[in-house]
Amino acid sequence: MKHNSSLTSRAQALRRDMTKEERKLWYDYLRSYPYQFRRQVTCGHYILDFYCSAAKLAIELDGSQHYEPETLRYDARRTAYINSLGIQVLRFTNTDIKKNLRGVCQSIDMAVAARMK
């Protein structure tokens with residue numbers, strides 16, 4: 001994966017100031033996951049919310065701003081770039097985390113298992 005050192009300070013700030021949903025997924029599930037996930041990892045010109053290098057899997061949590069037309073186009077370009085590096089991107093809404101954390105965790109488990117074959 002392509003590390004971008006110019007984004008390091010921004011990634012550090014995002015780790016300190018996680019959203020409620022990021023905090024919940026991290027502390028309730030990913031922090032102690034059998035394969036290591038890292039938070040706010042630089043990847044080219046982007047910062048991934050969560051990344052598992054062993055599975056080459058990124059997890060993105062999307063708030064309501066991600067459904068604006070311009071942001072949808074940006075996210076599509078971003079996902080295409082990340083996919084071009086061989087990294088799968090899983091996207092979940094903040095509502096998914098709040099109301100269906102168990103389902104989110106099951107989706108992550110299935111994606112990791114498929115990527116580790």
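Q: Why does lysine 98 count as exposed?
A: This is a predicted model, and the values are computed from it. Lysine 98 has 55% relative accessibility. Exposed means over 50%. Therefore lysine 98 counts as exposed.

Q: Is glutamate 21 buried or exposed?
A: The relative accessibility of glutamate 21 is 8%. Buried means under 20%. So glutamate 21 counts as buried.

Q: What makes lysine 98 and glutamate 21 a salt bridge?
A: Their side chains meet at 3.5 Å, N to O. The cut-off is within 4 Å, from a side-chain nitrogen of Lys or Arg to a carboxyl oxygen of Asp or Glu. The pair therefore qualifies. Lysine 98 sits in helix H4 (residues 94–99) and glutamate 21 in helix H2, 77 residues apart.

Q: Why can such side chains pair at all?
A: Opposite charges can pair when the charged atoms come close.

Q: How many salt bridges does a search of the whole structure find?
A: The search finds six.

Q: What makes arginine 78 and glutamate 60 a salt bridge?
A: The N to O distance is 3.3 Å. The limit is 4 Å, so the pair passes. Arginine 78 lies in helix H3 (residues 69–84), and glutamate 60 lies in strand E3 (residues 57–62). The pair therefore ties together parts 18 residues apart in sequence. Both arginine 78 and glutamate 60 are buried.

Q: How do you know that aspartate 75 and arginine 91 meet in a salt bridge?
A: Their N to O distance is 3.7 Å. That falls within 4 Å, so the label holds. Aspartate 75 is in helix H3 and arginine 91 is in strand E4 (residues 88–93), 16 residues apart.

Q: Why is arginine 91 called partly exposed?
A: Its relative accessible area is 28%. Buried is under 20% and exposed is over 50%, with partly exposed in between. So arginine 91 is partly exposed. Aspartate 75, at 7%, counts as buried.

Q: Which residues are linked with Arg91 in a network of salt bridges?
A: Asp62 and Asp75 are linked with Arg91 in that network.

Methods: Residues numbered from 1 in each chain as written. Predicted model: local features only at pLDDT ≥ 70, side-chain atom pairs only at ≥ 80, totals over all residues. Heavy atoms only, no water. Helix = DSSP H or I, 4+ residues; strand = E, 2+ residues; numbered from the N terminus. Buried < 20%, exposed > 50% of the residue type's maximum accessible area, 1.4 Å probe, protein only.
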